[in-house]
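Student: I would like to learn how to read a few features of a structure. Can we go through them one at a time?

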Amino acid sequence: MKTPGKQKIRMGMVGGGEGAFIGAVHRHAAALDGQIELVCGAFSRDAGNNQRTGDDLCVDPNRLYSSWQELLQKEAALPEDKRMQLLVIVTPNQLHVPISRAAIAAGFHVFCEKPAGVTLAETQQLAVDLIASNSLYGLAHTYLGYPMVWQAKELVQNGTLGTIRKIFVEYPQGWLTDDLESSQNKQASWRTDPAQAGASGCMADIGTHAFGMAEFISGQHITELCAELKSHVPGRRLDDDGAALFRTNGGASGVLLASQICAGEENALKIRIYGDKGGLEWHQMEPNTLLVKPHGAPVQLLRAGAGQPGLGAEASRRCRLPAGHPEGYLEAMGNLYRDFAAAIRSGEKGTPTGVPGIKAGMRGMAFIETVSSSQHSEEKWLSIPAID
């Protein structure tokens, strides 16, 4: 009898229909390594949009569903070797936890856009569900898939920078400089609507990226902060700009900036970390370069690339092309999907190795709630709740 070969991981998607941005990015990234295939979806609540998206993606009409509830119900009823294994959630924030919990209860793995939810309490309940399940849960902190982010983390871990003293992390964008939500711009409308986005706009959308990046590379938790949030566009209901001073459990201090009204900016996420032996600097828009700044010595420039000397094992594993061939956002997200697929095949539970998971999700929600509380508090510093 012929032994069947390895099968692709079967993926479904909720959201990401015509007119959406991030759903297409997920589909492209998931397909990069040939490990995952899209087999079903509920791409939009609008029937026409859903149908057109399914047709464009060549989804079997019998597996194109009108709602996420129908998707879960009917996929769970299929034979085990046919049904979806991994559900990707690319909806507005208020649906992240309800869909994730339902998918985990139905026995599926989940890869969700960030933030994990709209409140810390609901995200903690998701964590309880996950512990009691056999499912994997990953969060799309895409920037943590870049090779040079892992190289920066290794330099901190191996003591190259010495004792970490200062962290600067910022994420300026300019796309919400104008009142786009009033013109029915779909992406702006839900991100500035408290009913869909939650208690925060800019800080939930991109501030969580900066927060996650600072904690990931430094290996430290941000424990206290003093923040200000602002909405610069008249009538806008959620913050479009913010800043926070912070302290870490390792004794470092830092500054976090996130803004979507910095006219002329694109996606300029950047981080600088300084210790008593030197510093490092990484820019998302030039992701293949990492600057290392030894104290009392010339600046070093490390470059990404397969086989590139001077890179650690984790950074090298995430390089797909020889040096000088640019790799970017799709490849970074592709690295997360590749690790997720490997975790499914190996039977892991909880958080896939190499992928941000539920702890990162809870940390992000704790950050959002503390920043929001700080804006309205008369206290100078507020503690971020510890996450067990």
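**Reading the sheet, the helices and the rings**

Tutor: Strand S4, residues 109-112, pairs with S5 in the parallel sense over three bridges. Note that the model is predicted.

Student: Which residue in S5 is the bridge partner of valine 110?

Tutor: Tyrosine 137 is the partner of valine 110.

Student: What is the order of strands in the open sheet?

Tutor: The five strands run S2-S1-S3-S4-S5, with parallel pairing. Strand S2 (36-42) and strand S5 (137-139) are the edge strands, each pairing on one side only. On average, neighbouring strands are turned by 25° against each other, direction ignored.

Student: Which strands does helix H3 lie across?

Tutor: H3 (residues 68-76) lies across S1 (9-15), S2 and S3 (86-90). Its angle to S2 is about 125°.

Student: How do I read two packed helices?

Tutor: Two packed helices are described by the angle between their axes and the distance between the axes. Take H6 (residues 147-157) and H9 (residues 202-218): the angle is about 45°, and the axes are 7 Å apart. H6 and H9 are therefore oblique to each other.

Student: Which residues of H6 and H9 meet?

Tutor: From H6 come Val149, Trp150, Ala152, Lys153 and Val156. From H9 come Met213, Phe216, Ile217 and Ser218. By class, this contact has seven nonpolar residues, one polar and one charged.

Student: And aromatic rings?

Tutor: A pair of aromatic rings is described by the distance of the centres and the angle of the planes. This structure holds nine aromatic pairs. In one of them, tyrosine 146 and tryptophan 282 have ring centres 5.3 Å apart and planes at 55°, so the pair is tilted. Tyrosine 146 sits in the loop between S5 and H6, and tryptophan 282 in strand S11 (residues 278-283), 136 residues apart.

Student: Are tyrosine 146 and tryptophan 282 buried or exposed?

Tutor: Tyrosine 146 is buried, at 3% relative accessible area. Tryptophan 282 is buried too, at 0%.

Student: What is the geometry of the pair of phenylalanine 168 and tyrosine 274?

Tutor: That pair is edge-to-face, with 6.3 Å centre to centre and 80° between the planes. Phenylalanine 168 is in strand S6 (residues 164-172) and tyrosine 274 in strand S10 (residues 270-275), so the pair ties together parts 106 residues apart in sequence. Phenylalanine 168 is partly exposed at 27%, and tyrosine 274 is partly exposed at 25%.

Student: Which residues do ring pairs link into a cluster?

Tutor: The cluster consists of Tyr143, Tyr146, Tyr171, Trp282 and Tyr329.

Key
Residues are numbered from 1 along each chain as its sequence is written. This is a predicted model: local features need pLDDT of at least 70, side-chain atom pairs count only at pLDDT 80 or more; totals for chains, interfaces and linings use all residues. Side-chain values use heavy atoms; hydrogens and water are left out. Two strands pair if DSSP finds at least two bridges between them. Helices (H or I, at least four residues) and strands (E, at least two) are DSSP runs, numbered from the N terminus. Axes are lines fitted to C-alpha atoms, for helices over the stretch in contact, and angles run from 0 to 180 degrees between N-to-C directions. Contact means heavy atoms within 4.5 Å. Angles under 35 degrees count as roughly parallel, over 145 as roughly antiparallel, 65 to 115 as roughly perpendicular and the rest as oblique. Ala, Val, Leu, Ile, Met, Phe, Trp, Tyr, Cys and Pro count as nonpolar, Asp, Glu, Lys and Arg as charged, and the others, Gly among them, as polar. Rings of Phe, Tyr and Trp (its six-membered ring) pair if their centres lie within 6.5 Å; planes under 30 degrees apart count as stacked, over 60 as edge-to-face and the rest as tilted. Buried means under 20% relative accessible area, exposed over 50%, partly exposed in between (1.4 Å probe, protein chains only).
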